[in-house]
Amino acid sequence: MNELLDVWEKTLRISFSPPRGVLVVIVILFVYLLVLFPFAYLFAYFDRKLTADLQARVGPNRAGFRGVLQVFADLVKLFQKDPAFFSSGFEKENIWFHIYIMLLFTGVVFLPLGSLTLLINTDMSALLPFCAAFVLAFCTLLFSLSQGEVQSSFGGLRVAVHVLSGAFPALVALQAACLYAGSFRWSVISESQGVFPQSWAAFTSPFLFISFCVFIVGGLVMWSLSPEEGGFSVSSKLSGKKFFIFRLGRFYGLFLWSVIAVVLYLGAWNMPASLYDGLKNSQEYLLILFIELGVLLAKTLFLMFVVTGIVRVNPKIRVDQATDLSWKILSPLSLVSLIGTVLWSGWSYIR
Amino acid sequence: MREARFRAVEKVLKWARKNSLWYFNFSTGCCPDELLDTVGCRYDLERFGCIQKQDPRQADLLIVSGAITQKSAPYLKEVYEVMLNPKYVMAIGSCASTGGAYCPPYSDAVIPGVQNLIPVDIFVVGCPPRPEAIMHGIIKLQEKISESNEI
Amino acid sequence: MRSDLTKWTIGPFLGFPQGFSHGITQGPIKLELFIDGEVIVHGTVETGYLYRKLEKAIRLHPWVSTLSYAGRLDPENAVFGELVLCLAVEKIGKTEVPLRAQRIRVVLSELARISNHLSFFVSVARTVDSEIMAQYVLRDREKILDLFELLTGSRFSLGFLCYGGVRKDITDGFIERVLEVCELIQKRIKEYNDIYTFNAAFIKRSKKVGKLSKEIIINYGVTGPNARASGVSYDVRKEQPYCGYEKIDFKVPTGIFGQGDPSCGDVYHRFLLRVFEIEQSIEILKQATEQIPVGRFNVNESVQSLNVPSGEANARVESSRGVLECHVVSDGRAQPNSVQFWPPSVASAAVISKVIEGIKIEDLLVVLASLNISVSEIDQ
């Protein structure tokens, strides 16, 4: 086990020699089984309950204690659906769907989930998740275009436009944060921040706070369009397992973005240094792993609820209005925050 | 021994089916108003795991609410055929169940009962039925699902 | 007509971007749109998917039963259908309706107006994807439906009016309940203003969208709140008062927030006008409940024994969607010779093809919902 953890710490370069490749697969499986699926389940359940609570309703309460098993029931039902329906246009759809699924499973490699699970910790690793988000959006677009309906094509175009317009200010904001940290490397970014809020990146300088806000709102633009519930649905033709995987993909996008936001601005997975050193000296690597995971996921869950809460309470604006907001307000603000951060850190350096 | 295990699996599958009846509302006439109130916060149909879906492909339950006329009958058949198995149909209101006030001697434009077009699992009578009646219909349908033998 | 446009059919039941079953038009409707990118260039409307031969069914029934059919003309505000038929038949028989019955009718129709406007809020909220607003409004609408249930025993199709008055007297405590609900709605209107009227996102979605100019309104004969939002002041309650509306002091809100405003008559104004109308309805309710006199509530002893002399009459009421007109011909038999309705939604539906020109397809449903059409009324 020790050896494995040592290897985890050293996996800067992914080589294709058998043991390391197996290790990568193990880590991905670990993330999916231990983090993403239960987290998706929890989020889906709490989302439904909290939404119902906001709407002065009760929400699901028949399946299991207080409806805890509702999402499970939905899942089991979706997997019972008869897939024999698909006939024409099936192949084209299928190709894009397979790419979508592959991305969903391999994208986990660059998820920063604690100091011991950083599989890819290179000098540009903070930018990689954005590439994943772009490709996810691209797959959604092509997938919806292949459905050949006016409605779903518009839905796909809309997803692409939202992601593109939201990603630009978010990327600039990310640069500001990384400038503050001094690197695009996950480990450096997390080490530059402390445990408590006053030492989190978002609250150290006004410009970083602006960039944090831009990042949040950019993420709202990117992920507020939920294709299942309203507007022009990409998923309208999906059913059964495909529907489930599509929803998982949408959840994954939001999750990825929230994790990055937490790592960049909200103190990442840091725990008190004395505790960390003590655990490391006594070689309790698993404990470190789980504490870090817990800290990170708690913050992430909180951020996701804030975001979805805002989305639930307000009416949705039109796609042109959302892109307007993104290009005309968020982008200048993000540039201001970038320049401000440059000056701020340059000033402290000169002094 | 083996059969008992299968029975347990069967039970779980049926339990899942009955607890997540996503519905597609084929809305004509007046009963959708009451369905709207049933979804609303006083009655809250989501407690039973029912969510409204905009596309019949994702739905398990087809709720026919209101009179089905000769002109809209082909669309109802189309919607029913598009839905994936296992699927259930619920007819809400007198118009959907029997033709109601527009049954043949008085009007030949309305189809006297949806059962002439598609198989119906449960009827809810009333003109329009109260939200409690609709919820009772959902509960009865759940009972029917858990007692059925097909898998 | 341009040839490079994409044709997009939004079926009567399927293919609506946000699902059709929200009650956006209260029934099936088919749209054929020609779109250029995201902009609708022109489109046509097809109705008739709910054609139930209502008029024929009415002709085959005795006079007593015709009222229940009239109530099903537009189930969401059944009172107006019943009321207009009652008024026409009473005109033929030259019946003097007791004052008490008239007041009860006013109370019922104003309650129905509030209920309908609240359900209008629900459908608008759902088209802008805000379920939370819809749920809050539904919660308050239940209170009004409770009042209907208390008085008549049913929530939607009331069947409470009859020729020459109302079927039953109001019970003790009903008036107090009505006033309580009025207070509640008055409080809630402030909340609605917070979540709708002053909400930046809602204003973005609804302002300058789906504009109806005064000329279109007059040419197409649109009545009711839709017309008043564009500045055309016409209300039957003021012009040809019925049921003692002339004794009640109330204002008809008419484009008060935008005479000369270039955006007058858009979705936002149609929404705002209904908020003002609810306030006026509460005003009317307060006065009407004060003035309920003691006395008979029906001219006839029994509802069943009814003789309508031969004759012909026309009556109009201001329903919550516009002017509802009814023409009755009687030849002295037990059944009516002919009963014809001219519902307000017909004009509102005719204007669809005009109003959707040049809007974005994302706004389509908001505009449709803002017209407050009942297909059940159109198709009969």
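The model is predicted: local features need pLDDT of at least 70, side-chain atom pairs count only at pLDDT 80 or more, and totals for chains, interfaces and linings use all residues. Residues are numbered from 1 along each chain as its sequence is written, chains are lettered from A and ligands numbered from 1 in the order in which they are written, and side-chain values use heavy atoms, with hydrogens and water left out.

**Chain B with chain C**

- Here 38 residues of chain B are in contact with 42 residues of chain C, where contact means heavy atoms within 4.5 Å.
- About 3500 Å² is buried between chain B and chain C, and carbon and sulfur atoms give 56% of that area; buried area is the accessible area (1.4 Å probe) that two parts lose on being put together, summed over both.
- Three residues to look up are B:Leu36, B:Tyr102 and B:Tyr106, which supply 17% of the area that chain B buries against chain C, more than any other three residues.
- The rule finds 7 salt bridges across the interface of chain B and chain C, each a side-chain nitrogen of Lys or Arg within 4 Å of a carboxyl oxygen of Asp or Glu.
- A salt bridge joins the side chains of C:Arg155 and B:Asp37, at 3.3 Å from N to O.
- There are also 11 residue pairs in polar contact across the interface of chain B and chain C, both residues at pLDDT 80 or more. A polar contact is a pair of N or O atoms within 3.5 Å; within protein, one must be able to donate a hydrogen and the other to accept it, and residues adjacent in sequence count only if both atoms are side-chain atoms.
- On the side of chain B that touches chain C, the elements giving two or more residues are strand E1 (23-27), helix H2 (31-39) and helix H3 (73-82) of chain B. Helices (H or I, at least four residues) and strands (E, at least two) are DSSP runs, numbered from the N terminus.
- H2(B) provides the largest share of that side, 5 residues.
- The residues of the side of chain B that touches chain C divide into 20 nonpolar, 10 polar and 8 charged.

**Chain B with chain A**

- In this interface 26 residues of chain B are in contact with 30 residues of chain A.
- Chain B and chain A bury about 2600 Å² between them, with 53% of it on carbon and sulfur atoms.
- The rule finds 4 salt bridges across the interface of chain B and chain A.
- The side chains of B:Glu46 and A:Arg57 form a salt bridge with an N to O distance of 2.6 Å.
- Helix H1 (residues 2-19) of chain B gives the most to the side of chain B that touches chain A, with 5 residues.

**Aromatic pairs**

- Over all chains the count comes to 31 aromatic pairs. Rings of Phe, Tyr and Trp (its six-membered ring) pair if their centres lie within 6.5 Å; planes under 30 degrees apart count as stacked, over 60 as edge-to-face and the rest as tilted.
- The ring centres of A:Phe209 and A:Phe212 are 6.3 Å apart and their planes stand at 45°, so this pair is tilted.
- A:Phe209 and A:Phe212 are separated by about one helical turn because they are 3 residues apart in helix H8 (residues 206-223) of chain A.

Note on methods: Nonpolar A, V, L, I, M, F, W, Y, C, P; charged D, E, K, R; others polar.
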